[in-house]
Amino acid sequence: MHFKALSEKDRKTVQQAFYSSIPVLAGYLILGMGFGILLRNAGYGVWWAAAMSLFIYAGSMQYVGVGLLSGGASLLTTVLTTVMVNARHLFYSISMIETYKNTGKAKPYLIFALTDETYSLLCDRKTPEGTDGNRYRFLLSLFNHSYWVAGSILGSLLGAALPFSTEGIEFSMTALFIASFTEQWLNTKEHVPALIGLLCTLLCLLVFGPERFLIPAMLGITLALTLLRGREESAA
Amino acid sequence: MRAALLIATMSIVTIGLRALPFLAFKSRTPPYVAYLGRVLPPAIIGMLVIYCLKDVSLLSPPFAIPEFLAVACVVAAQVWKRNSLLSILSGTVVYMVLIQLLH
């Protein structure tokens, strides 16, 4: 056996990846538990919860998936629903093409593990000072994934027997996105894309309602950004 | 068995969506896609913020007051300290306290 002691840089990378993942730790444990409980109530036990969280790893899709499983959905319905609910992942991937370009063997896993939360932590392309960027991204993705799986298993096993009220803790996810939005806002003078994202989505929410506004919003954002391309590129 | 098939389907479609842009633009990223890659992150995070708040009702009690205060807390903390963990924790605590007091 050949052991290599962790270098200072490695240690810092692990530390920083864990540190960045703490907000997701809270959110994923709670949301994962919620999913585990829901799936158990639908008649599918801990192995099903673990398998879904391990292999699908998409929060809102798994919640929708509980309904598909218990409602006996067809294969076609399942495919279409998954495309609708997860279409936004196309956008995450498009904006990570450059960042994930030279990530080597970790690349397939990084792509697989690109959830809303992981994306929001990595999309500004910055990694903490003194860390190995690619390892940082890999560890952060892996930590988040493990919280999600752990939460689902815990939820399935413990059920609703928690001794304290966690009501409202799901706000940690919202807070994560708002902190990320604010940080990106503070880091640039170019606020048009951020405003387009907010306003276009808000408009679509008002027009199409909370069940079906996401796809129109994504199309609207893409259209608006495309129309502004000349202006934005000369500003950059 | 049917459940396993559906789960496999959800898994494969999700992986496909995540991988598609990487496979489609493997050798060379067209300038338009590179442009989208640059301007999309702030727009998408904005979209996710709205998405998280989509079920908040302004017209019925508590009139989105907990959400409003908690969001303000996150933004203020982030502007002040630039520490995401601190902002998220303080906003979440504010929200949990408010929502549990109101119930």
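## Chain A

Let's start with chain A of this predicted model: its secondary structure is 12 helices and 0 strands. Reading from the N terminus, that gives α-α-α-α-α-α-α-α-α-α-α-α. The radius of gyration is 19 Å, close to the 18 Å that the globule rule gives for 236 residues, so chain A is as compact as a globular protein of that length.

Some 46% of the 236 residues of chain A count as buried. If you look at contacts in chain A with a separation of 6 or more, 77% of them link residues 24 or more positions apart.

## Chain B

Chain B is built from 4 helices and 0 strands, in the order α-α-α-α from the N terminus. Here the globule rule gives 13 Å for 103 residues, but the radius of gyration is 20 Å, well over that value, so chain B is more spread out than a compact globule. The box around its C-alpha atoms is roughly 50 × 45 × 25 Å, again along the principal axes.

Chain B is split into domain 1 (1-52) and domain 2 (55-103). The centres of domain 1 of chain B and domain 2 of chain B, taken over C-alpha atoms, sit 29 Å apart. Buried residues come to 41% of the 103 in chain B.

## Where the chains meet

On the chain B side, 55 residues are in contact with 71 residues of chain A. Helix 1 (2-24), helix 2 (31-52), helix 3 (65-81) and helix 4 (84-102) of chain B each put at least two residues into that side. Helix 2 of chain B gives the most, with 18 residues. By type, the chain B side that touches chain A divides into 39 nonpolar, 12 polar and 4 charged residues.

## The largest nonpolar core

The largest nonpolar core has 89 residues, and Phe177(A), Ala43(B) and Val49(B) touch the most other members. What does Phe177(A) touch, leaving out residues up to four places away in sequence? In chain A there's Ser120(A), and from chain B come Ile45(B), Leu48(B), Val49(B) and Cys52(B).

## Confidence

For chain B, the mean pLDDT is 90, with 100% of its residues at 70 or more. The model as a whole scores ipTM 0.87 and pTM 0.79.

Methods. Residues numbered from 1 in each chain as written. Chains lettered and ligands numbered in written order. Predicted model: local features only at pLDDT ≥ 70, side-chain atom pairs only at ≥ 80, totals over all residues. Rg over C-alpha atoms; globule rule 2.2 N^0.38 Å. Buried ≥ 20, exposed ≤ 12 C-beta atoms within 10 Å, placed from the backbone. pLDDT = per-residue confidence, 0-100. Core = buried A, V, L, I, M, F, W, Y, C linked by C-beta atoms within 7 Å. Contact = placed C-beta atoms within 7 Å. Domains from an automatic or database assignment. Nonpolar A, V, L, I, M, F, W, Y, C, P; charged D, E, K, R; others polar.
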